[in-house]
Amino acid sequence: MTGTDEPRPMNELLLTPDQIRDAAARMAEILVGYESSLEERPVLPELDRTALRRILDEPWPEQGRPIATLFDEFEALIVPNSAHIAHPRYLAYVLASPHGLSPFAEALSAALNQSASIWTLSPAANAIEQTVLRWLAELFGFPSDAIGHITSGGSMANLVALQAARDRKLGADARAKGLQGGHAPFRVYTSTEVHGSVDKAISMLGLGTDHLQRIAVDDAFRIRVDLLAEQIQLDRAAGFEPMCVVASAGTVTTGAFDPLPELAALCSREGLWLHVDGAYGALGVLCSRISPRLAGVEHADSIALDPHKLLFNSLEAGCVLIRDREQARQSFGQTSSYIARNTDPDLIDFTDYGPQLSRSIKAFKVWWGIRAFGRGAYQRTLDRLLDLAHSMGEAVEAHPSLELLAPVTFTAVCFRHRGLDEAGNAALLRALLDSGIAYLGPARVQGAAGLRACFTNLRTTDADIDTVLAAVTRIGDELASG
Ligand SMILES: Cc1ncc(COP(=O)(O)O)c(C=O)c1O
């Protein structure tokens, strides 16, 4: 791949211009080939254990190898042993297929390698991240002086927001004394449908998951605000200090939206931080069929959302928005003798508003996607995904062997095979994955276990739904008949 007359690069870890051109051409070829072969691939590969063993056992090589062989290996070993998240019948979890500019944005970000920590290390990236944050904040009616940053994902966004919530309750001593300043134990409130990342955040923040109060939900899987209000009073009477309510905008299993206006009113009365975990559903705000469910979000103290979900960016791109910029700075701001700071009228040091110092320019792919495709493309895509979920829901309801576990209200369809018990439905899911036809996830709804299809995929069609349901019913019927 190396041009013979080319000057050597400055360092042997760098590429010559010809090597760069060859690598880029090869990458383009791989991308085109991958796109056109997706449908023929099994969604989940039949693992080539020998190939994986070779990767696992390889010692650190003494000598380099021709770059072309790495690309060969990528095609021959890596792609066939990967889960094909972009496959039209990949419908598991809440993991979107990335928009078409993601690989290019990632590559160019890597070339610039800006550290989105202090603005002097990343001036243009800084402006881009601020702009993306402004656009996102505007979607939720957040004030122009709200702060946030692009995170690795919703889990980190929840953690960052809950740290700001905790520190506000701890007061001025939060950084110095932490939880050891003699406060009454804090309580955090959420619904039984909460995502596990909130548990993790609570334990990482030293609050203790025993102090995460999971309030029952109504028939639509929305938190019961009456029970929440009662629990807060009970906890106060028992000597606890209520700290925060974590509402869900799109619960992970069924996609339910908690009643934000009532929660905002309650939090305001009780002096509690309202955090909205919108990792799955907050970006539904772009779609007129969903946006009314986000009414009230403008009163939240913080929001977690995930551009790597419903804005279809490659991993990773989450986002946290915090209304109180000063609180975020108190939680995370830090000066160090080994980092020079310059103030600027337009640019900011993101490291003051989150836990990381070095950070990649995750905002770049989000910015490019929004500007390349425009708002309408995202709105139409979300509409389409809702349509797909509804038509799968109708097909499940119409099928004698299948039963919906919850009404379809967002992009998730939870269902079970009627002829199989819990273990049988789990076996059905395993067999479906083994077949390579489709990748769905598990679901447990009000105690009943089944399967879950989540529509966050740019390539899924109605025909794919027919294929998925034909496979599910065939496998399920076979299992049911022993
Ligand atoms: C409701 C909810 N919250 C948080 C998360 C965690 O987000 P991430 O996987 O980006 O960390 C998810 C992920 O699916 C989610 O659905």
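Analyst: Happy to; what follows is a set of questions and answers about this model. It is a predicted model, in which local features need pLDDT of at least 70 and side-chain atom pairs count only at pLDDT 80 or more, while totals for chains, interfaces and linings use all residues. Residues are numbered from 1 along each chain as its sequence is written, and side-chain values use heavy atoms, with hydrogens and water left out.

User: Why is Thr-456 called buried?

Analyst: Buried means under 20% relative accessible area, exposed means over 50%, and partly exposed is in between (1.4 Å probe, protein chains only). Thr-456 has a relative accessible area of 1%, so it is buried. Thr-456 sits in the loop between β11 (448–454) and α14 (462–480); helices are DSSP runs of H or I with at least four residues, strands are runs of E with at least two, and both are numbered from the N terminus.

User: What does Thr-456 touch?

Analyst: Contact means heavy atoms within 4.5 Å. Not counting residues up to four places away in sequence, Thr-456 touches Val-94, Leu-95, Ala-96, Ser-97, Leu-310, Phe-312, Leu-385 and Thr-411.

User: What makes Asp-387 buried, exposed or partly exposed?

Analyst: Its relative accessible area is 38%, so Asp-387 is partly exposed. Asp-387 belongs to helix α12.

User: How do you know that the side chains of Asp-387 and Arg-289 make a polar contact?

Analyst: A polar contact is a pair of N or O atoms within 3.5 Å; within protein, one must be able to donate a hydrogen and the other to accept it, and residues adjacent in sequence count only if both atoms are side-chain atoms. The side chains of Asp-387 and Arg-289 are joined by such a contact of 3.0 Å.

User: Which residues touch the most other members of the largest nonpolar core?

Analyst: A nonpolar core is a set of buried Ala, Val, Leu, Ile, Met, Phe, Trp, Tyr and Cys residues joined through side-chain atoms within 4.5 Å. The largest one has 122 residues, and Met-392, Val-413, Phe-415, Leu-440 and Phe-455 touch the most other members. Helix α12 (residues 363–398) gives the largest share, 12 residues.

User: Why is this core said to lie between domain 1 and domain 2?

Analyst: Domain 1 (114–359) and domain 2 (369–480) both contribute residues to the core, so it lies between them. The domain bounds come from an automatic or database domain assignment. Across the two domains, 20 residues of domain 1 are in contact with 27 residues of domain 2, and their C-alpha centres lie 30 Å apart.

User: What makes residues count as surrounding the ligand, and which are the closest?

Analyst: A residue is near a molecule or strand if one of its heavy atoms lies within 4 Å of it. Here 15 residues surround the ligand, and the closest are Gly-154, Ser-155, Asp-277, Asp-306 and His-308. Gly-154 places a backbone N or O atom 2.8 Å from a ligand oxygen atom. Ser-155 has a polar side-chain atom 2.6 Å from an oxygen atom of the ligand, and Asp-306 likewise has a polar side-chain atom 2.6 Å from an oxygen atom of the ligand.

User: How much of the ligand does the protein cover?

Analyst: The protein covers 85% of the 390 Å² of accessible area that the ligand has on its own. Such areas come from the Shrake-Rupley method with a 1.4 Å probe; for residues, only the protein chains shown count as cover.
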